[in-house]
Amino acid sequence: MKTEAILFAGVAAFFFVEGLGYAFWSREPAGTAALAVSFLMSSLVSGFCALNHHKRGMRPEDRKEAEVRERYGGLGFFPPRSAYPPLTGLAVALTALGVVFGLWLFVIGAGLLIAGVVGMVLEFSGHA
């Protein structure tokens, strides 16, 4: 995480310097705000990476002499099959069509979208 923290600190420094220059010479608030938000977001990621490095120490990716086998392990849980991804895709399509054709279709699509997303989140957690 140390490398990522340094990388994003450099990005944050770039946005900070560019934001100051842009604010001074252009006097345009929208671009200045966008550069300020970009600085804050990259600073947030840099701080998160630095804090993670401080708490957990070096990862195998941070050491030059590390072996690939030091990182492998369980990849996680992959569900065998689920009806919720097609339902969510259909709901997104209905919601988008509802924006064009009318509020009634949008409401139906939004309801199905909420059901699909909640179903995907809770399907294998023991709550569905």
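## Helix packing in a predicted model

The axes of H3 and H4 approach to within 7 Å and cross at roughly 155°. Axes here are lines fitted to C-alpha atoms, for helices over the stretch in contact, and angles run from 0 to 180 degrees between N-to-C directions. H3 and H4 are therefore roughly antiparallel to each other (angles under 35 degrees count as roughly parallel, over 145 as roughly antiparallel, 65 to 115 as roughly perpendicular and the rest as oblique). The residues of the H3 contact with H4 comprise 19 nonpolar, 6 polar and no charged. In this division Ala, Val, Leu, Ile, Met, Phe, Trp, Tyr, Cys and Pro count as nonpolar, Asp, Glu, Lys and Arg as charged, and the others, Gly among them, as polar.

This is a predicted model, in which local features need pLDDT of at least 70 and side-chain atom pairs count only at pLDDT 80 or more, while totals for chains, interfaces and linings use all residues. Residues are numbered from 1 along each chain as its sequence is written, and side-chain values use heavy atoms, with hydrogens and water left out.

The protein chain has a mean pLDDT of 88, with 95% of its residues at 70 or more; pLDDT is the predictor's confidence in each residue, from 0 to 100. Confidence is lowest in helix H2 (residues 29–56), with a mean of 92, and highest in helix H3 (residues 84–101), at 94. Helices (H or I, at least four residues) are DSSP runs, numbered from the N terminus.

Helix H1 (residues 2–26) packs against H2 at an angle of about 160°, the axes being 8 Å apart. That makes H1 roughly antiparallel to H2. The contact of H1 with H2 is made up of 14 nonpolar, 8 polar and 3 charged residues.

| Residue | Relative accessible area | State |
|---|---|---|
| Leu-113 | 24% | partly exposed |
| Ser-42 | 6% | buried |

Buried means under 20% relative accessible area, exposed over 50%, and partly exposed in between (1.4 Å probe, protein chains only).

Leu-113 lies in helix H4 (residues 103–122). Not counting residues up to four places away in sequence, Leu-113 touches Thr-88, Ala-91, Val-92 and Thr-95, where contact means heavy atoms within 4.5 Å. Leu-113 and Ala-91 are separated by 22 residues in sequence but by 4.8 Å in space, C-alpha to C-alpha.

Ser-42 belongs to helix H2. With neighbours within four places in sequence left aside, the contacts of Ser-42 are Phe-8, Val-11, Ala-12 and Phe-15.

Definitions and conventions: Helix = DSSP H or I, 4+ residues; strand = E, 2+ residues; numbered from the N terminus.
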